[in-house]
Amino acid sequence: IDNPELYFQTKLYTGNNSTNAITLDGDEDMSPNMVWLKSRGADNHRLYDTSRSTNSLVPNDSRAEQSDGNFSSFNSDGFTITGTDTGWNGSGVNYVAWCWKESATAGIDVVTYSGNGSARTISHSLSAVPKFYVVKRRDSAGGWIVYHEAIGNTKILEMHETAAEQTSSAS
């Protein structure tokens, strides 16, 4: 990738307990498709993406998707959040936002699908076989299943756990 700022940028910001329009600092404008927020303290992580609108996932926990309504919009060079939660916008609290742009060039795609209890192929827009992916059930509590080609097609990791790789037929 000749210019990574077109596909990924990190932003440090301070919460304000109100509407907070966050502009990315890179030399390139980038409208993110996925934003991972974290206070620089002990609060949970929050993950938002354009395919799920304003609903959040908590990557360090197994809980279901939450409709917190505090992620207001994805903008042409950043995003807007609202509310007073110390997890993403508490007044005077310092945060970090990792922001990704979906692109086959960068190898990033956010896909939602409904499970059917059977093995199947899930469509994506990457134009190549993924070498790494993360799957999270959204409608109820369940783990964050991680696949990487380095551990093989029959092994998984669970992102929210500290256990070693596990054998799985669901990879």
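Author: What follows covers the core, the aromatic rings, the salt bridges and a separate sheet.

Reader: What should I know about the model and the numbering?

Author: This is a predicted model, where local features need pLDDT of at least 70, side-chain atom pairs count only at pLDDT 80 or more, and totals for chains, interfaces and linings use all residues. Residues are numbered from 1 along each chain as its sequence is written, and side-chain values use heavy atoms, with hydrogens and water left out.

Reader: Start with the core. How many residues does the largest nonpolar core have?

Author: The largest nonpolar core has 14 residues. Core here means buried Ala, Val, Leu, Ile, Met, Phe, Trp, Tyr and Cys residues joined through side-chain atoms within 4.5 Å. Buried is under 20% relative accessible area, exposed is over 50%, and partly exposed is in between (1.4 Å probe, protein chains only).

Reader: Which strands each supply at least two residues of this core?

Author: β3 (34-39), β6 (78-81) and β7 (94-100). The largest share, 3 residues, comes from β7. Strands are DSSP runs of E, at least two residues, numbered from the N terminus.

Reader: Is β7 mostly covered or mostly open?

Author: Mostly covered: 5 of the 7 residues in β7 are buried.

Reader: And which strands pair with β7?

Author: β1 (residues 8-14) does, antiparallel, over 7 bridges. β3 also pairs with β7 in the antiparallel sense, over 6 bridges. Pairing requires at least two DSSP bridges between the strands. Lys11 stands opposite Ala97 in β7, and Val35 has Cys99 as its bridge partner there.

Reader: Switching to rings. How many aromatic pairs are there in the whole structure?

Author: A search finds 8 aromatic pairs. Rings of Phe, Tyr and Trp (its six-membered ring) pair if their centres lie within 6.5 Å; planes under 30 degrees apart are stacked, over 60 edge-to-face, the rest tilted.

Reader: Why does the Tyr48 and Phe71 pair count as stacked?

Author: Because the ring centres of Tyr48 and Phe71 are 4.5 Å apart and the planes are at 25°. Tyr48 is in β4 (residues 45-49) and Phe71 in β5 (residues 71-75), so the pair ties together parts 23 residues apart in sequence. Tyr48 is buried at 0% relative accessible area, and Phe71 is buried at 1%.

Reader: Now charges. How many salt bridges?

Author: The search finds 6 salt bridges. The criterion is a side-chain nitrogen of Lys or Arg within 4 Å of a carboxyl oxygen of Asp or Glu. One of them joins Asp25 and Lys11 (2.8 Å, N to O). Asp25 sits in the loop between β2 (20-23) and β3, and Lys11 in β1, 14 residues apart.

Reader: Are those two buried or exposed?

Author: Asp25 is exposed at 55% relative accessible area. Lys11 counts as buried at 13%.

Reader: What about Arg52 and Glu65?

Author: Their side chains meet in a salt bridge (2.7 Å, N to O). Arg52 counts as buried, at 4% relative accessibility. Another salt bridge pairs Arg63 with Asp61 (2.9 Å, N to O). Salt bridges that share partners join Asp49, Arg52, Glu65 and Arg138 into one network.

Reader: Last topic: what is the strand order in the open sheet of 4 strands?

Author: The order is β8-β9-β10-β11, with antiparallel pairing. The edge strands are β8 (132-136) and β11 (166-167). Within the sheet, β9 (residues 144-148) and β10 (residues 155-158) pair over 2 bridges, and Val146 stands opposite Leu157 in β10.
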